[in-house]
Amino acid sequence: MASMRRALPRRLVGLASLRAVSTSSMGTFPARVKIVEVGPRDGLQNEKNVVPTPVKIKLIDMLSEAGLPVIEATSFVSPKWVPQMADHTEVLKGIQKFPGINYPVLTPNLKGFEAAVAAGAKEVSVFGAASELFSKKNINCSIEESFQHMGGVLEAARAAGVPVRGYVSCVLGCPYEGKISPAKVAEVAKKLYSMGCYEISLGDTIGVGTPGLMKDMLSAVTREVPVAALAVHCHDTYGQALANTLMALQMGVSVVDASVAGLGGCPYAQGASGNLATEDLVYMLTGLGIHTGVNLQKLLEAGDFICQVLNRKTSSKVAQASCKL
Amino acid sequence: ELGQLPALPEHVKIVEVGPRDGLQNERVIVPTDIKIEFINQLSQTGLSVIEVTSFVSSKRVPQVAAGATEISVFGAASESFSKMNINCSIEESMRKFEEVIKSASQMNIPARGYVSCALGCPYEGSIMPQKVTEVSKRLYGMGCYEIALGDTTGVGTPGSMKRMLESVMKEIPPAALAVHCHDTYGQALANILTALQMGINVVDSSVSGLGGCPYAKGASGNVATEDLIYMLHGLGVDTGVNLCKVMEAGDFICKAVNKTTNSKVAQASFNALEY
């Protein structure tokens, strides 16, 4: 994996060497899963309280100590839209960059990309949606227009040798449009992949999906994008995240996004939960004999730290069980 | 690869354990009239099995006098758990159950068997699938019509669920098996999905996820019926249960015992913004 990060963006991310762990009638599981930790960005962005810069930096450093291979550090968007991420430059410059760990940052446009690279970013992410209405309401433009913005970033990234990860929102349902067709998701994923994204993270943005929908969506997407280039980003708003993730693993996906302590509520359902908790994901993967490289104890410490600062209870069940035994 | 994924059952029977397992482990004294109202509300939801029985003592079947139509017996796959929980060895417990089940069957009352610690024990740690099979087979042989395999401390993951079921299913037909998963480590729905993929079609759950974990203070316990139904209906599996009515019953009991629901579906649904 390390060789991929330093080189120019490549499609095949070296997963050909994975041996599948067979569990006979249930299909096979990957031998290794790469966890993309989105707590410091997706998580904190959706928390009510704004977190001071030194706390963000400490959180990211603790997550690095826990061995997470990818930690999404911050977002280079205008503070007008996302005040929680206003300190993006300070955060990126302030964190310890552990060797072998990636620290991608969100860059919604060229301006953000340039600021990110100037601040030392070595990897960036761009966002698309599988729903027109969501795209318009969330980033103020149509899906087609969003491709044009992304195109600018991808071109500049290619020239600078910076790999780009693409996100697709609303892959299993949209808060405005309701059902989303798997074919639409496949279309958007294919477009991002063909534009140069090395990996596409498919997000169940409002957590409405169930394992059958996950299966149907992935069946459609894997016809257009190789499964090794796919990730799933499941929200736990309806308690379905881990079951949906399990289905994705059975379908050959080996990259999973999660958020320490399940940080990040749901902006579409006040009081509801948001991201899948990294601790609970690690617990399941470890139980399945799948290698993650993550130290659960250190991860729990990071979760405990940020929850204390935010003055909130963890959303991780493993954390809830572990600290009371 | 896609063709290898097994088909799911068309219909799943949900066994609602909220009024018994749930309230018992909430450690609240619920006034009788509230309990009755709660059970009555659940009866309107389409749930076909609502567990209201309490533990069976040896030799006697006192519940019969109160009009019980079914009894449950609780075995364990762990010696330590059996001793700590019901004060006797697995073997002793089996002999007691045999008497109880025999008496019950003489009155035409069916017995459901539970096997605790099917995926792990708070005292012994890992549990051999073979042990679970032995205990299950004994209970089934005594005449239990269904064996509920319980992940009592919620430590199981899809891999251990699969290995355990593979072993048990060599001796007991899947139609006579149920899973009773705890969500202490957030694994319940993933474990249940695994069981469904193996052909199990009876699942225990507790409305609002009532019932903490007596072995991990503050931790959660039962899987929430609402979240289970959400998954099953999303999968196109028929349950016969009305999710909205279950949520209403859940809302009722949570207000009555003054606690927040453990169901994510309930949390999302009651707070969803209008747009």
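**Legends to the close-up views**

**View 1. Ser208(B) sits in the loop between β7 (202-205) and α8 of chain B.** The model is predicted. Helices (H or I, at least four residues) and strands (E, at least two) are DSSP runs, numbered from the N terminus. The phi angle of Ser208(B) is near 65 degrees, which is a positive value in a residue other than glycine. Most residues other than glycine have a negative phi. Ser208(B) counts as buried because its relative accessibility is 1%; buried means under 20% relative accessible area, exposed over 50%, and partly exposed in between (1.4 Å probe, protein chains only).

**View 2. Asn108(B) has a phi near 60 degrees.** This is a positive value in a residue other than glycine. Asn108(B) belongs to the loop that runs between α4 (90-106) and β4 (111-116) of chain B. With a relative accessible area of 71%, Asn108(B) is exposed, whereas Ser208(B) in View 1 is buried.

**View 3. Thr45(B) is a loop residue between α2 (32-43) and β2 (49-50) of chain B.** Its relative accessibility is 2%, so Thr45(B) counts as buried. Contact means heavy atoms within 4.5 Å. When neighbours within four places in sequence are left aside, Thr45(B) is in contact with Gly240(B), Val241(B), Asn242(B), Lys245(B) and Val246(B).

**View 4. Helices α7 (residues 188-197) and α8 (residues 225-234) of chain B pack with their axes 11 Å apart.** The angle between them is about 45 degrees, which makes α7(B) oblique to α8(B). Angles under 35 degrees count as roughly parallel, over 145 as roughly antiparallel, 65 to 115 as roughly perpendicular, and the rest as oblique. On the α7(B) side, the contact is made by Leu189(B), Ile192(B), Leu193(B) and Leu196(B). On the α8(B) side, it is made by Asp227(B), Leu228(B), Met231(B) and Leu232(B). By class, these residues are seven nonpolar, no polar and one charged. Ala, Val, Leu, Ile, Met, Phe, Trp, Tyr, Cys and Pro count as nonpolar, Asp, Glu, Lys and Arg as charged, and the others, Gly among them, as polar.

**View 5. Helices α7 (residues 143-160) and α8 (residues 182-195) of chain A cross at roughly 25 degrees.** Their axes come within 9 Å. The two helices, α7(A) and α8(A), are therefore roughly parallel to each other. From α7(A), the residues in the contact are Ile143(A), Phe147(A), Met150(A), Gly151(A), Leu154(A) and Arg158(A). From α8(A), they are Lys184(A), Val188(A), Lys191(A), Leu192(A) and Met195(A). Sorted by class, the contact has seven nonpolar, one polar and three charged residues.

**View 6. Glu132(A) is part of helix α6 (residues 132-139) of chain A.** Its relative accessible area is 30%, so Glu132(A) is partly exposed. Beyond its neighbours within four places in sequence, Glu132(A) is in contact with Ser142(A), Ile143(A) and Glu177(A).

**Notes to the views.** Residues are numbered from 1 along each chain as its sequence is written, and chains are lettered from A and ligands numbered from 1 in the order in which they are written. Chain B has an average pLDDT of 90, and 90% of the residues score at least 70.

Definitions and conventions. Predicted model: local features only at pLDDT ≥ 70, side-chain atom pairs only at ≥ 80, totals over all residues. Heavy atoms only, no water. pLDDT = per-residue confidence, 0-100. Axes fitted to C-alpha atoms, helices over the stretch in contact; angles between N-to-C directions.
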